[in-house]
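Dear colleague,

Please find the structure below for your records.

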Amino acid sequence: MDKRLLGVPAILAILAIFLARGSALAGTTSDDLPQRYRAAIIVEQAAPFVRLPLSPQVYANSRSAGLADLRILDAGGERVPFALLAPRPEQTTTRQQWRAAVLYRLPPRPASGEWLAPVDLTLADGRLTLRQRGGPPIAAERSPGWLVDLGERAPGEAAPRALRFEWTGPSEFSAPYQLETSADLRTWRAAGSGQLIALAAASGALTQPDAPLPESVERFVRIVWRPEARPPELRAAQAGHADEQRTTLDPATSLVLASSPEPASAYAGEDARRALHFDLAARLPVATLELLLPAGTRVLPVRVQARQRLDEPWQTITSTVVYRLERAGGVAADRSPPLVVRRDLRYVRALPDARATAPAAGEVRLEVRADLASVVFAAQGTPPYTLATGAERASPGALPLPTLVPEADKERVRFGVARLGTFAELPEAAQQDKTDARNAALRPWLLWGVLLAGVVLLAVMVWRLARARGGAPPN
C-alpha cells in the first residue's frame, strides 16, 4: 500500500475524535454553569435550619430535571448547603368516642314462634322512639340476654364499631355470647360472637368488657348468652364510634387558570377547536384539578387530557362529568368534586362532549392544587441569602435530607421560616443562553460540514494518488 494513504486513517480518526468531542460537550454537566434567575430569600424567622417554600415561579425558571439547578448562595456568593423537602401526606388520626346506649332485659326465649321484644316502637315526626313494654319485671336468672338500643345516627355518621359493657358481680365469670342486629326489631341477622370475661389476679382484675360490632350494624343489637355462659348482671352499655381527624401538614398550592386557545401543533387535530386548553407555565406536581364553570346550572361531560411538551400527543387522564347546580333561596351552588391526579403536568385540556353545549372558553377556569416542594438550608455563611436557578444540564445541588439535618423529624418543628422575593434575570446569563442556543442550532451543520470536508479530502487524496500512478488503481 502507498505510504501516502497511511495518513488517511489518521485524518479520519482526528475527525471522529472531533465529532465525538462535539457530541460530548452537548451533554456535559457543571456546577459552574450560569444561573439565569435569582431571587432574594427573606428570612422571617431565624433558626439554624430555615424552611423556604418554593413557588410555581421556581418550577417555571428551573431548567434542569428534578430542580437539580437550584442553588442557595450567601452574600459573598458562596454556596449554602440545602436539601429538598417533599410535602408530607395528610395525617389521619382515629379516636374511639363512647356514647351511652340503652339496655333492655330480654324476656325468656319462647319455645316456638317469634321472640317478643321488651319494648314497643313508636314513629312520630319521622323519629323512632322506644317505650318499655308493661308487664311483670323479668328476673335476672330467667333473662337470656339483653337488647341494646344504639340510638339514631346523624346524617353521614358512621356506624359504631364496638359495645362496652359495665356490670355488677360476680367478680369472676366467663360469658360467651351471640350478637344479632336489626333495624325494626322484627327481622334479625347474625352480627358475630365473642366472650365477656372477668378474672381475679394478684396484679388486679383482668376484664374483657368490649364486644366488636360489624360495619353493617343496625340500630338495635341483641346480645344472647350461650347456654354454658355464667353471665354478669349488666348495668350500662356504651357504643364506640371511630372519630377520624385529618390534618393537612403541608397545604397544597392553589392556582386558578383561565382557558386559552390551544397552540398549533402536529397533535392538535379537530378537537382543538372545542378544547378548553390550560398552560400551567411549568411542569408542576399536581394533586387535583377542578374545572370551574360559570354561573348557572350546568352539566358538562368532558375528557381530560395532558401532555408535557407541545410536540407530544395528548394522553387521556380520565373521563368525568363536571357540574354546577344552582339552588333556590341563595344556597351556594353544588359543584363536582376535584379530580385527583397525583402526577406531574404542564399542559392540560378538557374536551367537552359533542352532545352537550359547552360554555365559551374564556368563561371556564381551572383550579390546580399542586404539592410544591420546599427547601431547608443551613443558616451559615453571610446573609442575606439568594436562590439561583435556570441552568441547563446542572448537576444536583441538594443534599439528602438526613445528611443536612440528621434528626429531621425532631428538628422540623424548630425550622425557621423564609419566603422568596421577586425573581430577576441576569443579563449576562440570558445572553449566554442565546449564544448557547445559536451554537446548538449551528452544531449539526458544523458537524455535517466537517464530515463532508473529510469525505472531500479523502476523495482528493485518492485522486492525486491515482494521477501520480498514471491512472493505475492503488494496490
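Of the 475 residues in the protein chain, 35% are buried (under 20% relative accessible area, with exposed meaning over 50% and partly exposed in between; 1.4 Å probe, protein chains only). This is a predicted model, in which local features need pLDDT of at least 70 and side-chain atom pairs count only at pLDDT 80 or more, while totals for chains, interfaces and linings use all residues. Residues are numbered from 1 along each chain as its sequence is written, and side-chain values use heavy atoms, with hydrogens and water left out.

The protein chain contains five helices and 25 strands, taken as DSSP runs numbered from the N terminus (helices: H or I, at least four residues; strands: E, at least two). Among contacts (heavy atoms within 4.5 Å) with a separation of 6 or more, 81% are between residues 24 or more positions apart.

Seven strands form an open sheet with antiparallel pairing, in the order 16-22-17-21-18-19-20; two strands pair if DSSP finds at least two bridges between them. Strand 16 (253-258) and strand 20 (334-335) are its edge strands, each pairing on one side only. Six bridges join strand 17 (residues 276-292) to strand 22 (residues 365-370) in the antiparallel sense, and Leu-292 stands opposite Arg-365 of strand 22.

Glu-180 lies in strand 10 (residues 173-182). Glu-180 counts as partly exposed because its relative accessibility is 23%. Its C-alpha atom is 5.0 Å from that of Arg-222, 42 residues apart along the chain. Beyond its neighbours within four places in sequence, Glu-180 has contacts that include Trp-188, Phe-220 and Arg-222.

Yours sincerely
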